[in-house]
Amino acid sequence: MSSRNWMCGRDGAHPSSSAHFMSTNNTDPQRMERIVSLCKRRGFIFQSGEIYGGLNGCWDYGPLGAELKRNLKDYWWRVMVRERDDVVGMDGSILTHPAVLKASGHVDTFSDPMVDCLLTKQRFRADQIPPQSGTVYQFIGALPLNALFDLDLSGPTPEFWKTWLSPTLLTSVSDLIESLRRGLNEQNAIPADDDSLMRAAEHLQAAVVRLDFAVLAPDGKPIESARKVAAQFYESRGIKNPVLYEDRSRHRKVENSTCFNPENGAELTAPRSFNLMLRTNLGAAADESSLAYLRPETAQSIFVQFKNVLDTSRKKLPFGIAQIGKAFRNEINPRNFIFRSREFEQMELEYFFNPGQQPWQELLEYWKEQRLTFYEDIGIPRAKLHTLTVPDADRAFYSKGTYDIEYDFPFGRQELEGVAYRTDYDLRKHAEASRKRLDYFDETMKMEHLLHEGKEFYPHVIEPSAGVDRTVLALLCEAFDEETVTDEKGKSETRIVLRFHPRIAPIKVGVFPLLKNKPELVAKAREVQELLKRHMMVFYDESGAIGRRYRRQDEAGTPFGLTIDFETLGERGDELRDTVTLRHRDSMKQERVAIAELLAKLLPQVQ
Ligand code: ATP
């Protein structure tokens, strides 16, 4: 956990909102829409429970998405665990003992400030409201139009009320009366006498429904836009055809306010804290004694199992424990496709070290660089990655230093991963709460230990914590491309292509017999498929024109296509027998390659 704004110590101000606001510049919503639609069309990602209307904040990965995700996790595990001597893996349970999350601080403080729109009831994270400037229009209530019709005035007809009301602005009931008098005069309606106007005033006074509401009209927007929103608000509270009652003395200019719905300007409620953990009950009793949580991060099982892993793996500091797995957060506002969901996966490493031997700043830099290299190695260019030094006010309370690695998504620059120095906070807290030893004894200091006491200590931790789903989204955004190409007949068309790095591409190779009704071609193509499929994901496709089959694989991001044709069968001479056409997705270039050489040529590129 890096920059999540734990409520602990917060004063209601929203330190990260300006950062969020900055990050919404440079956006391309249309591009994002096209990516989402391709994901559905090609079977990368579907909304969970779609046929029942969808489950908000939950997503299902289809055949291509599942492969993509698996390739990403496999590569992370390979470079973070298998290729290192100083990291071991573990796989903890999702259901978590409440005591674990009590000790870690999650039960008491893992909350987000939540606000609701008074008009639409939409719920927002208060710290994600972009600051807005403009004029706030204050309303203190409204009159149902019928109250005017009910007035005991003899002259005015319903037509009069309609024409009179449209430009009418209520600022007070006496204003209303005055305006009414003017209106009656102007329209030559039979003027009511003073008595009946007084009675009308009393009637109206009683009919005003008092309910404070404010609307922010951003600079440049007319007051009418605010009145429209206010009218909707009062209507939503049961006041039919509301005549607004404004309090001009409280209209005001504001700068960088986060108290209004950015979509419609309506007033928001005051922030309340909302714990993000999902609860469940184990066994038959559905009470507090059976309470368990779905873990909000994978990290805690690593801390809780620290001693077991240490004793069984016989590692010495510095060393890390890595884990990939599901995490759950009851996000107030899941959004931006799979970027922020309620069920997601994390790839986390807790790297334990002795701060007396290694300065944390050095290790934090080291892991930041390792992680940036990782993203480059899966096809995300360094130019699109940014490291943000998380300001003191935004950092989780236990962290002394945190970097966020951010990516330029089509919806703005946003966090992919946090790299945080978590100090010895977690081990210390779990040791205190469980009364079990989670400290470390440095054997190399044994001799010294005879002289000095206190060589046991709690290791400190650097934590690179990445989101699988966010990285999948970054990979999709980075890979998505549309280009205009001209076919052999001179016709131009748009080619949609996902330019995935071959290492993470869901399908590595498409295998195509030129014609599906030539058994020799089909048999040879099946042979090629057999040869490759134990080493990489192969897709066999024999339907449609070869150009169409290439296009389908371009959209799936398949980097290589192999076509088995009559040359392969030796029908155009022995020289080309048992060779295939290898077509490259990005350049669309083709070359002739011997089947016997395919593995050696393709394998290093897809690993
Ligand atoms: P944010 O500020 O965006 O809510 P965070 O700082 O709280 O994220 P961490 O607790 O640091 O996130 O979690 C580590 C990583 O887990 C994040 O960098 C992100 O990639 C991923 N992650 C966290 N929350 C979600 C979520 N709701 N949906 C998808 N991925 C998430």
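Predicted model: local features only at pLDDT ≥ 70, side-chain atom pairs only at ≥ 80, totals over all residues.

Me: What makes the span of α2 close to the expected one?

Reply: The expected span is 1.5 Å times one less than the number of residues. Helix α2 (residues 29-41) has 13 residues and reaches 18 Å from its first C-alpha to its last, close to the 18 Å expected. Helices here are DSSP runs of H or I with at least four residues, and strands are runs of E with at least two.

Me: Why are the buried residues of α2 said to line one face of the helix?

Reply: Buried means under 20% relative accessible area, exposed over 50%, and partly exposed in between, with a 1.4 Å probe and protein chains only. In α2, Met32, Ile35, Leu38 and Cys39 are buried. Seen down the axis, they fall within an arc of 125°, taken from the directions from the helix axis to the C-beta atoms, so they line one face.

Me: How do you know that β17 and β18 pair?

Reply: Two strands pair if DSSP finds at least two bridges between them. Nine bridges join β17 (residues 401-409) to β18, and the two run antiparallel; they form a hairpin with two residues between them. Strand β18 (residues 412-423) is also mostly covered, as 11 of its 12 residues are buried.

Me: What makes β3 and β16 edge strands of the sheet?

Reply: The open sheet has seven strands in the order β3-β14-β15-β21-β18-β17-β16, with mixed pairing. β3 (87-89) and β16 (385-389) each have a single partner strand, so one side of each is left without a neighbour in the sheet. β3 pairs with β14 (residues 319-328) in the parallel sense over three bridges.

Me: Why is a group of residues called a nonpolar core?

Reply: The name denotes a set of buried Ala, Val, Leu, Ile, Met, Phe, Trp, Tyr and Cys residues joined through side-chain atoms within 4.5 Å. The largest has 59 residues, and Leu473 is among those that touch the most other members. α16 gives the most to this core, with eight residues. A second, separate core of 23 residues includes Leu521 and Val580.

Key. Residues numbered from 1 in each chain as written. Heavy atoms only, no water.
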